[in-house]
Amino acid sequence: MTDHGLVLADLTTQALIAADGWFAVITGALGLLCGGLAWFAGRRWMLAVLLGLCAGGVAGSFLTLWAGSTFTIGAVAVEAAAEPGVRIVPGALKLTAQGVLVAWPLLSVGLFGLLEGMHGYRESPLRQPYGIEP
């Protein structure tokens with residue numbers, strides 16, 4: 001808190017970058033989990049499952065963003081980088097790299113496609129050499 005209002009304690013603080021990184025790791029892991037479960041459970045309705053993975057991933061990312069910015073444990077990491085004499089206002093870290101919002105849907109749809117591609121290759125009759133019966 002300064003005479004000019006609320007300012008960041010340190011514009012180059014690694015706490016902001018770490019918050020974005022943790023968000024990407026958490027939502028990416030959830031995306032991989034959802035993609036794997038969806039492939040095993042819903043292979044009959046491929047298009048519906050893919051659309052559900054994409055829409056659910058976007059909704060899950062925004063829900064995770066809301067939960068992470070609403071519930072916080074304080075400004076401990078940002079406070080360590082503050083200048084002496086500056087009063088710290090505790091609060092949640094904000095997501096500064098908006099691109100990490102696509103980690104969940106991108107990884108879930110990508111894993112689903114990878115698993116389906118591997119399964120399709122393994123089951124393909126084109127995999128057998130010409131003229132040789134299994």
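Seven residues form the largest nonpolar core of this predicted model: A38, W39, V49, L53, L111, F112 and L115. Helix 1 (14-41), helix 2 (46-70) and helix 4 are the elements that each supply two or more residues to this core. The greatest contribution comes from helix 4, which gives three residues.

Leaving aside residues up to four places away in sequence, F112 touches G35, A38, W39, M46, V49, L50 and L53.

Helix 4 itself covers residues 103-123. Its buried residues are A103, W104, P105, S108, L111, F112, L115 and H119. An α-helix has 3.6 residues a turn, so residues three or four places apart point the same way. The buried set of helix 4 includes S108, L111, L115 and H119. The length of helix 4 can also be checked: at 1.5 Å a residue, its 21 residues should span 30 Å, and because the end C-alpha atoms are 30 Å apart, the model agrees with this expectation.

Of the contacts between residues at least 6 apart in sequence, 80% join residues at least 24 apart. Buried residues account for 25% of the 134 residues. The accessible surface of the chain is about 9,400 Å², and carbon and sulfur atoms provide 70% of it.

Key:
Residues numbered from 1 in each chain as written. Predicted model: local features only at pLDDT ≥ 70, side-chain atom pairs only at ≥ 80, totals over all residues. Heavy atoms only, no water. Buried < 20%, exposed > 50% of the residue type's maximum accessible area, 1.4 Å probe, protein only. Contact = heavy atoms within 4.5 Å. Areas by Shrake-Rupley, 256 points an atom, 1.4 Å probe, with all protein chains shown as cover. Helix = DSSP H or I, 4+ residues; strand = E, 2+ residues; numbered from the N terminus. Expected span 1.5 Å × (residues − 1). Core = buried A, V, L, I, M, F, W, Y, C linked by side-chain atoms within 4.5 Å.
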